[in-house]
Each structure stands twice: as C-alpha cells, then as structure tokens.
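Colleague: I'm new to reading protein models, and I'd like a close look at just one part of this one. Could you pick how the strands come together, and then show me what packs around them?

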Amino acid sequence: MLDRIDAYLESHLNESIAELSRLVAQPSVGAQNWGIQECAALVADLLRRRGFDVQIMPTAGAPIVCAERKGRNPKTLLFYNHYDVQPPEPLELWETPPFEPSLREGKLYGRGVSDDKGHLTARLFAIDALLATLGDLPCTVKFIIEGEEETSSLHLPEFVRQNLDLLEADACIGGEPDVGSASTAFEQPEASFAQGRVSIRVYLGRRQCARGMVGIVVVVGLR
Ligand SMILES: [Zn+2]
C-alpha cells in the first residue's frame with residue numbers, strides 16, 4: 001500500500017505545490033491583522049473539498065478552523081496546525097516577494113511555505129493519497145487550525161477548555177516538531193483528549209526533509 005501512496009504523491013506533486021502556493025499567496029500576518037479572516041476561509045475551503053465538516057469558530061482574536069471527517073475506525077486522530085505567519089520584514093532580504101510563491105531549483109520560496117502552511121498541506125496531501133488508495137480514511141480525522149500561533153496563541157487555551165467535546169480524540173499530533181505557544185493549551189489537565197493511549201504506525205515519506213519539516217505523515221492503522 002505504501003508504494004501506491006508514494007506513487008500517488010509523486011504523480012500529484014505539481015498539483016500539491018500549486019495548492020500550497022495558493023495558500024502561501026494568501027497573506028495571514030497576525031501581528032499586522034493582515035488577511036487573517038481570508039486565510040481562515042481558504043483553509044476551511046481546502047478541508048471542505050476533502051469531505052470534512054468544517055466550522056470557522058470565532059474567538060476574541062483570530063478565528064479557529066475546526067474540521068472532522070469520519071473514518072473506518074472510530075478512533076480519532078486530531079491534528080493541530082496554524083494558518084498565521086510571521087511578518088515578512090525585512091523585505092529587502094527576500095529574493096522574490098514573500099507572498100508570491102516562487103519555485104526555484106525544486107524548492108518553493110514564500111512566507112509560510114514551511115511554518116506552518118507546508119505542514120498543514122502535507123497532511124491534506126496525505127489524506128488525498130489515503131482517500132485515493134483506500135477509498136476512505138482508516139480512522140476519524142479532526143483538525144484544529146488556529147490563527148494566533150505566531151502571536152502567543154492568546155485565545156487558544158480558553159477555546160480548548162470550552163470545546164473539549166468538539167476536540168475529543170484518541171491522539172493529537174502537533175503542527176511542527178515544536179508547536180511553541182500552542183503546546184501549553186494541550187498540556188492542561190482539562191485537555192486530556194491529547195493524552196489518550198493509542199498505538200499508531202507512522203511512516204515518513206521517502207524524501208529527505210529540511211530541518212523543521214516532518215515530511216508527509218501517513219497513518220496506516222489505529223488500534
Ligand atoms: Zn509554527
């Protein structure tokens with residue numbers, strides 16, 4: 001099955017890069033209140049097109065996108081990601097404009113390509129590959145995607161406390177190796193959904209990953 005998943009990802013690489021580019025082209029600079037609502041709407045659209053039930057939930061700050069798609073197994077995997085990015089300044093250090101993604105020598109350049117839009121879309125592409133290969137997801141998948149990670153996740157802890165049912169899951173995978181400010185929201189005693197016991201088998205894509213990247217993660221079984 002992994003061969004078929006790899007083949008799917010390889011043969012759809014251009015579409016994947018195009019979709020990531022579209023997301024990166026949408027500015028979402030929390031510190032400058034630039035493009036946040038628009039980016040949340042775009043992220044919601046990416047998930048809806050993959051059959052997820054999606055809610056854009058308001059907070060006192062940036063909206064949080066929550067999504068769920070049922071899988072074969074009722075075990076639930078929750079992904080955390082964020083759609084906001086760091087300010088692009090100083091602009092003179094960019095060879096190409098930060099919100100005009102540019103593919104050079106096989107690498108995509110733009111603000112958010114890695115942190116965290118690349119991580120988010122890598123998961124979406126893994127889901128595409130699973131749906132194309134299996135026909136459905138091996139387990140239920142949820143997303144929580146916030147827009148304030150780069151500004152200290154100010155409203156995330158309260159949101160988590162108020163939405164434990166919505167976020168209930170057997171396991172949670174963070175946005176990047178260090179989810180920074182967001183991790184505190186998931187370490188609170190109330191948020192025990194992140195501490196469920198479940199054994200998972202995880203395979204990383206074959207590609208060598210740059211520092212901070214975790215490649216395309218494919219969960220092939222929950223039990
Ligand atoms: Zn990040």
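Modeller: Start with strand 1 (residues 53-57) and strand 2 (residues 64-69), which pair in the antiparallel sense over five bridges. Two strands count as a pair if DSSP finds at least two bridges between them. Strands here are DSSP runs of E with at least two residues, helices are runs of H or I with at least four, and both are numbered from the N terminus. Before going on, bear in mind that this is a predicted model: local features need a pLDDT of at least 70, side-chain atom pairs count only at pLDDT 80 or more, and totals for chains, interfaces and linings use all residues. Residue numbers run from 1 along each chain as its sequence is written.

Back to the pair. Strands 1 and 2 form a hairpin, with six residues between them. Look across from Asp53 and you'll find Glu68 in strand 2, while Gln55 faces Cys66 of strand 2.

Strand 2 also has a partner in strand 6 (residues 139-146), again antiparallel and again over five bridges. Glu68 turns up here too, with Lys142 in strand 6 as its bridge partner. Val65 is bridged to Ile145 of strand 6. As a general point, side chains in a regular strand alternate between the two faces of the sheet.

Helix 2 (residues 13-25) packs against helix 4 (residues 117-134) at about 140 degrees, with the axes 10 Å apart. That angle makes helix 2 oblique to helix 4. The cut-offs are under 35 degrees for roughly parallel, over 145 for roughly antiparallel and 65 to 115 for roughly perpendicular, with the rest oblique. On the helix 2 side the contact uses Ser16, Glu19, Leu20, Leu23 and Val24, and on the helix 4 side Lys117, Gly118, Thr121 and Phe125. Sorted by class, that contact has four nonpolar, three polar and two charged residues. Here nonpolar covers Ala, Val, Leu, Ile, Met, Phe, Trp, Tyr, Cys and Pro, charged covers Asp, Glu, Lys and Arg, and the others, Gly among them, are polar.

Helix 1 (residues 2-11) meets helix 4 as well: their axes come within 9 Å and cross at roughly 120 degrees. Helix 1 is therefore oblique to helix 4, and this crossing is right-handed. Arg4, Ile5, Tyr8 and Leu9 of helix 1 meet Phe125, Ala129, Ala132 and Thr133 of helix 4. The classes in this contact are six nonpolar, one polar and one charged.

How far should you trust the picture? pLDDT, the predictor's confidence in each residue from 0 to 100, averages 84 over the protein chain, and 78% of the residues score at least 70. Over residues 188-223, though, pLDDT stays under 50. Where pLDDT is low, the predicted coordinates should not be read in detail.

Conventions:
Axes fitted to C-alpha atoms, helices over the stretch in contact; angles between N-to-C directions. Contact = placed C-beta atoms within 7 Å. Left-handed = near helix turned anticlockwise from the far one by under 90°.
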